[in-house]
Amino acid sequence: MLLHVQRIAVPFEYPVYFTEGVFSPSNADLASAIAAREPRRRHRVLPVIDGGVAAAWPSIAEDIALYVGAHAERLSLVAEPIVVPGGEASKNDGAATAALQARLDALGMDRQSFVMIVGGGAVLDMAGYAAATVHRGVRVVRIPTTVLAQADSGVGVKNGVNAFGKKNLLGTFAPPFAVLIDPRFLETLSLRDKVAGMAEAVKVALIRDARLFSWLTEHAPALASGSLAPLATLVRRSAEIHLQHIATAGDPFELGSARPLDFGHWAAHKLESLTRHRLRHGEAVAIGIAIDTVYAELAGLCSEATAAAVLSTLEALGFALWDDALALTRGGGERGERLCVLDGLDEFREHLGGELTVTLLEDVGRAREVHAMEERHIVAAIARLRERAGRRGAPAAAGAAGAARS
Ligand SMILES: NC(=O)c1ccc[n+]([C@@H]2O[C@H](COP(=O)([O-])OP(=O)(O)OC[C@H]3O[C@@H](n4cnc5c(N)ncnc54)[C@H](O)[C@@H]3O)[C@@H](O)[C@H]2O)c1
Ligand SMILES: [Zn+2]
């Protein structure tokens, strides 16, 4: 007997500011964002800062303290900022997440206190997950500091950490309280991270906005050199498209199987783990986009000219579209060897649940979903990228740089 069908609708709303000098005392955006719902209260704020940002901006703790002091009628500091290691290491280290959760508890962070996370996508994911699970959700203000985090993850509704060898296995959907994008943070970002973050902008341009793709192609030389003015434009446009998609595509919490914003990601996530995160997320996404684009050409979904345009723009932006991890195989014996990266497709299916749904390009700005991919075309697409890298005399450029660093 069906007793009742319970229906709950929970509207979410969060402001996204694009602002310069977010911690300048004269800039009221941060204080206004925090005080928006209860303007007459003094709000408790606990900063959590990415170690890379803390190193690049040595006065940041002092700047935040001065800011809070200048807005003391609306803000108070819970404690000195907590600095956590930057980069993927923070998502791989379960103990770091637990330590942060314990600290939030010890500092008496309640559901109306604010964790203000300042950092790249990895720290936003890790600290966001910690904050979302303590008391089932402490308020979070995000201040993303990388191209990727400003253009994509920082404005979205997800967080997560890596566990049991899998990327983003543990995580929640948790819209932030507010997001403040300050392009000045990009001044100290390495060229490698500037370039890596652009992959997500190429991704949304390809599936949603042909004009943005033309703009990226036109400005590729300036972007590839790390020039800040075009980067700020890229960030802003990409963030707007991501926000619009999340608000209007009908599935913000990804309950169905379609996942257009994960274009290029089935291979990317696998490459990240195959390289033990030697490749940055964005670098892996660029390769994933290249594989799926050549695949679309081989499968007759898009034209040769479209595929050529995608590959050359990615290269002009500074991406290497080949990494030796693409050639890794396993198995052997009677069933023959199989490229390890192909497992990424099975893992993607498992993550989605239900039917495999992969977004592929029909043209620049026009995507379509497919529910199966032919292995022989994937293998051929990968072979094509290898051959292309060899011809350009630049095999595994990103991989080599990454290896030198790791
Ligand atoms: N939640 C989501 O929806 C979502 C979406 C896309 C990507 N992601 C995740 O984001 C992560 C990648 O994020 P990322 O590309 O920002 O890299 P990252 O967070 O790994 O940061 C890269 C490096 O830059 C440093 N850094 C950050 N800001 C800096 C600054 N302003 N100046 C100098 N150094 C700085 C960091 O300390 C780190 O060493 C991946 O884990 C990916 O899975 C999440
Ligand atoms: Zn991504």
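Two residues are in contact here if their C-beta atoms, placed from the backbone, lie within 7 Å. With that in hand, let us walk through the structure.

This is a predicted model, in which local features need pLDDT of at least 70 and side-chain atom pairs count only at pLDDT 80 or more, while totals for chains, interfaces and linings use all residues. Residues are numbered from 1 along each chain as its sequence is written, and chains are lettered from A and ligands numbered from 1 in the order in which they are written.

**The whole chain**

The protein chain has 17 helices and 13 strands; helices (H or I, at least four residues) and strands (E, at least two) are DSSP runs, numbered from the N terminus. Its radius of gyration, taken over C-alpha atoms, is 21 Å, close to the 22 Å from the globule rule for 406 residues, so the chain is as compact as a globular protein of that length. That rule is 2.2 Å times the number of residues to the power 0.38. Of the 406 residues, 46% are buried, where buried means that 20 or more other C-beta atoms, placed from the backbone, lie within 10 Å of the residue's own.

**Two domains**

The chain is divided into two domains, with bounds that come from an automatic or database domain assignment.

| Domain | Residues |
|---|---|
| Domain 1 | 16–188 |
| Domain 2 | 191–405 |

Between the centres of domain 1 and domain 2, taken over C-alpha atoms, there are 28 Å. Where they meet, 20 residues of domain 1 are in contact with 26 residues of domain 2. On the domain 1 side, α7 gives the largest share, four residues. That side divides into 11 nonpolar, five polar and four charged residues. In this grouping Ala, Val, Leu, Ile, Met, Phe, Trp, Tyr, Cys and Pro count as nonpolar, Asp, Glu, Lys and Arg as charged, and the others, Gly among them, as polar.

**Around ligand 1**

Where does ligand 1 lie? Both domain 1 and domain 2 give residues to its shell, so ligand 1 lies between them. Of the 33 residues around ligand 1 (C-beta atom, placed from the backbone, within 6 Å), G52, G86, G120, G121 and S153 come nearest. By class, the shell has nine nonpolar, 16 polar and eight charged residues. Helices that each supply at least two of the shell residues include α2 (51–56), α6 (121–133) and α8.

**Helix α8**

Conventions: Buried ≥ 20, exposed ≤ 12 C-beta atoms within 10 Å, placed from the backbone.
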